[in-house]
Amino acid sequence: MVTKKKKTVAKKPIKKKQKNVSTAKALSKKTTPKKETKKRSTKTVSSGLSSSRSLSRRFLKMVLMLSIWGILFGGLAVLWFGYDLPSANKLSDTTRRPSVTFLARDGSRMVTVGDYYAKPVDSEALPKRVVQAFTATEDRRFFDHFGIDVFGIGRAFFRNLRAGRVVQGGSTITQQLAKNFLLTEGLYTYHDRSMRRKIQEVLLSLWLEQKFTKHQIMTIYLNRVYFGSGAFGLSAAAKHYFGKEASQLTLYESALLAGLLKAPSKYSPLNNPHYAEKRTQQVLTAMLDAGYISDKEREKWEGVSIPPLAQQHGNLFARYFVDWILETVPNMVGSILQDLVITTTLDVKLQKKAEKILHNMIQAEGIPLGATQGALISMTPSGSVRAMVGGCCYGKSQFNRAVQAQRQTGSAFKLFVYLAALESGIMPQRRIVDTPVSIGNWKPKNYGWKSRGDVSMADGLAYSINVVSARLARFVGRGNVAEMASRLGISTPQPDDLTIALGSGEASLLEMTGAYACVAREGYPAKPFGIVEIRTKRGKVLYRTPAQSYERLLSGGVSYQMHQMLQGVMTYGTGRKIKLEEGMCAGKSGTSQNYKDAWFIGYNDHFVTGVWIGNDDNKPMKKVTGATLPGKIWHQFMR
């Protein structure tokens, strides 16, 4: 029993001990992970902070390195793009293209054309509305930005993006000045859009903003910018367009000049008064939006027409002739690099008569008949041009209809058909059947549906019988007719069919008049010319017009027979009503299909004169034929 008790007693403590041990182990198991978690957490936080600091150091190091390299490469880029920039000290200088002075054949001065400048303006001395007109249109934030308008560039970008095309630019006035300077210094051409040029513009713009004040930049800009018609600078433009000083410009005039900068030719009040007026109204609206003018001031100029321009009341005498000559000068002396004096063939008295007669006749008789334009050329039989009028009003349109317009010649082209027939051996007395004829699908008909039966070739020309002309062209061949026209100076390709006989092709009045002059000169060449001599202002002769060739284009017999037939036109044919009262005269009328063009070209012993009447838009006239209105103008001038 004792033994058992001892075993029992001995076992109980042992069990308790084991229980305590197991409890301790359990507790140990529960508490140990918590301590380890805390240690691990502390280690993780410490490690994260250390890693974050390391990344920050690396990032800062990278930024620093990139900054150093950026500064280095930026500096090198500035040196690379800026090493050949022109000196900005030249910005206030002005460069001009040479002028050309035109003299009439008697030595009297007609006009001087070319680039010109007037006394420079000071932007601070101008009325504030003048400067505001330019800033409202070209750079509204000019006085706020540093040369580059970031907001303006962004605004222009999104606006162009919405429109799907370029409708607005982001260049500042400073950038425009820089670009203009780079162009005038010859570093680039106008169409150069290279990255180098754009970067140089930016560099120069930033430099200008540091070098000059805003008012100084505006002053340089206004004195260098081009306003069209050879006028550089605001002062020259004010005198050219309005005949006044820049300080005297009205609000409307300031807006008009500011509007020119977008496209000087398109918005010129001399070329396109309608577009100029529309553009001016846009500038006034921009000034209102910018807060420069009030609603009341804007309403004052709403719908106002362009005021009388100084140029319209100035010397527009013989400007069509001057433009024609100016285009030919480079072919004779090369590029115009110095001031020139050109003695021309123009006769002042005849030119004034021609301008007056054409203008008055169009106004009095042409417009009621639906004819709004005309042209006149008069020359000696040798081709020396004495008068040239290319339109009714040079101030409204500088398009030279005497030289540049290619119009259907109508029956005036029959000259070449009959010359080819004479050259082929057909005599003026040859009888030709004037009855309806079919040439393939073409059935030429006479004017007024008349048929005269058998007629002589001379009568066929005198009465301008279409059937006779068509039969002659078929007989001699359309190729020979076209060759005759080309030989006498018609440069425009003619139709490759027999409608050529009735003048379905086109030609200029200058070339047609020169062709008739060849007949008047007995078959010798009569290429029209207007220059006698070109010299420098110091008197050095650069060019003299050579003597005309004496190599015949037509034989003496052919030219004489043609001359006699053209006299018949005036004696008993279609031109009998406009025959000159005294002396010999010869000529031929021409009317194109549907009365779109009317011609008369004729000559006497001294002059060969051609007249064309029509409309720029090819609108038909009210039955105006060559022997009516053009013939009357020819008769008045030649008389």
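Biologist: Hi! Which side chain does R487 meet in a salt bridge?

Modeller: R487 pairs with E423, at 2.9 Å from N to O. A salt bridge here is a side-chain nitrogen of Lys or Arg within 4 Å of a carboxyl oxygen of Asp or Glu. This is a predicted model, where local features need pLDDT of at least 70, side-chain atom pairs count only at pLDDT 80 or more, and totals for chains, interfaces and linings use all residues. Residues are numbered from 1 along each chain as its sequence is written, and side-chain values use heavy atoms, with hydrogens and water left out.

Biologist: Thanks! What parts does that pair tie together?

Modeller: R487 lies in helix 17 (residues 478-487) and E423 in helix 14 (residues 414-423), so the pair ties together parts that are 64 residues apart in sequence. Helices (H or I, at least four residues) and strands (E, at least two) are DSSP runs, numbered from the N terminus. E423, E483 and R487 are also linked in a network of salt bridges.

Biologist: How many salt bridges does the structure hold?

Modeller: There are 16. One of them joins K214 and E209, at 3.0 Å from N to O.

Biologist: Is K214 buried or exposed?

Modeller: K214 counts as buried, at 15% relative accessibility, and E209 is buried too, at 13%. Buried means under 20% relative accessible area, exposed over 50%, and partly exposed in between (1.4 Å probe, protein chains only). By that scale R487 is partly exposed at 24%, and E423 is partly exposed at 40%.

Biologist: New topic: which residues touch the most other members of the largest nonpolar core?

Modeller: F416 and M562 do, in a core of 82 residues. A nonpolar core is a set of buried Ala, Val, Leu, Ile, Met, Phe, Trp, Tyr and Cys residues joined through side-chain atoms within 4.5 Å. Another core lies apart from it, with 47 residues, including M218 and M287.

Biologist: And what is M562 in contact with?

Modeller: Leaving aside neighbours within four places in sequence, M562 is in contact (heavy atoms within 4.5 Å) with L415, Y418, L419, L422, L461 and V519. M562 is one of the buried residues of helix 19.

Biologist: What do the buried residues of helix 19 pack against?

Modeller: Their partners include helix 14, helix 15 (457-462), helix 18 (509-520) and strand 12 (586-591). Helix 19 itself (residues 556-571) has 16 residues and reaches 22 Å from its first C-alpha to its last, close to the 22 Å expected at 1.5 Å a residue. That expected span is 1.5 Å times one less than the number of residues.
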